[in-house]
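Reader: I am new to this structure. Please show it, then take my questions.

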Amino acid sequence: MRKGWSIVMLALLCGGLTGCNQMGVKQNADSAFEQVRDRFSEQQAFAFHGTTKLVTGDTANGNVVSFSGRKTGDDMLMRVDFAVPEQKQAKSVSLLSKNEQIYVRTEGSAGWKNTSGQDTVFRQEMNNWDPVFAMEQINQMKKSVLPLQDRAPEDDIEAVRILMDSTKLKSWLAEQMKSQASARTQSHAGGAAVLQTEAIHQPRLKYALTLSDGTWNRPRTGATIQATEPPVDEIIDQMELEAEYTIYYNKNTKLPTNMTMSIRSEYDMNDQRVREYTQVETYLQNYGQAIPVPDPTAAGAKG
């Protein structure tokens, strides 16, 4: 009988230690993320670049979006290159956030143009690929932080996996889509000059809808141009959406070296069920190396 009790107590002890160990590992992952988040938020200068890969159904569109940029103080300079498969071409746009204003320079333009209150689509584009905005979103939308096994303990890189809250993601996506639709409606109502600016560029939708020009948001064309309100809530309500981040960081400095976001979505579009899998990879480097961004008000200023 005593032997039996010993076996039971040993099993309970081992189970308790395993539970404590798992809880400790989970707490360590949470703590690691918080340290990385806080250290990153302190950085006043760094450079970044990345790519977005999309697979829709059985079709791989490859690098649908590539981006690069640098942060200096509160200023952010970014270039975004994106494929337009339906037009069989690639386009690019340069974006500059300075003194709380958004400036844009498109291909062939002589200099920077202040978006002058019509900056919704350009600000969305910057937010899609801005690592600072990404870290803020991770912090706001994280559901859980999980440890990752260190497969190369000899190097200085460690990683954590962050599962995102699908409900919060869908709410953010709905807000983004509605803002984009509103911007187009205002542009059509505002006259030809604004319409031309809006027609130059449409922001990607990072979380779904093929990262292309967003046919859901394209107005009907004909004798008159008439913007129609897309069924945003209907699209979002029936959408299945999940996302997670893997943040790799230097274990000594606690600064991220790269962030990989994986997004899976399924939704109805044009009477078809669309399934997407997207990966956004962002690499960070040159911490502390401040390079002034261009002065967008100077004649002929380029970035």
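This is a predicted model: local features need pLDDT of at least 70, side-chain atom pairs count only at pLDDT 80 or more; totals for chains, interfaces and linings use all residues.

Reader: How many helices and strands does the chain have?

Author: Both are DSSP runs: helices are H or I with at least four residues, strands are E with at least two. By that rule, the chain has six helices and eleven strands.

Reader: Is Trp-172 buried or exposed?

Author: Trp-172 sits in helix α4, residues 166-190. Buried means under 20% relative accessible area and exposed over 50%, with partly exposed in between (1.4 Å probe, protein chains only). Trp-172 has 16% relative accessibility, so it counts as buried.

Reader: What share of the residues in the chain is buried?

Author: The same cut-off for buried applies to each residue. Of the 303 residues in the chain, the buried share is 43%.

Reader: What share of the contacts with a separation of 6 or more joins residues 24 or more positions apart?

Author: A contact means heavy atoms within 4.5 Å. Among contacts in the chain with a separation of 6 or more, residues 24 or more positions apart account for 60%.

Reader: How far apart are the C-alpha atoms of Trp-172 and Met-141?

Author: Along the chain, Trp-172 and Met-141 are 31 residues apart.

Notes
Residues are numbered from 1 along each chain as its sequence is written. Side-chain values use heavy atoms; hydrogens and water are left out.
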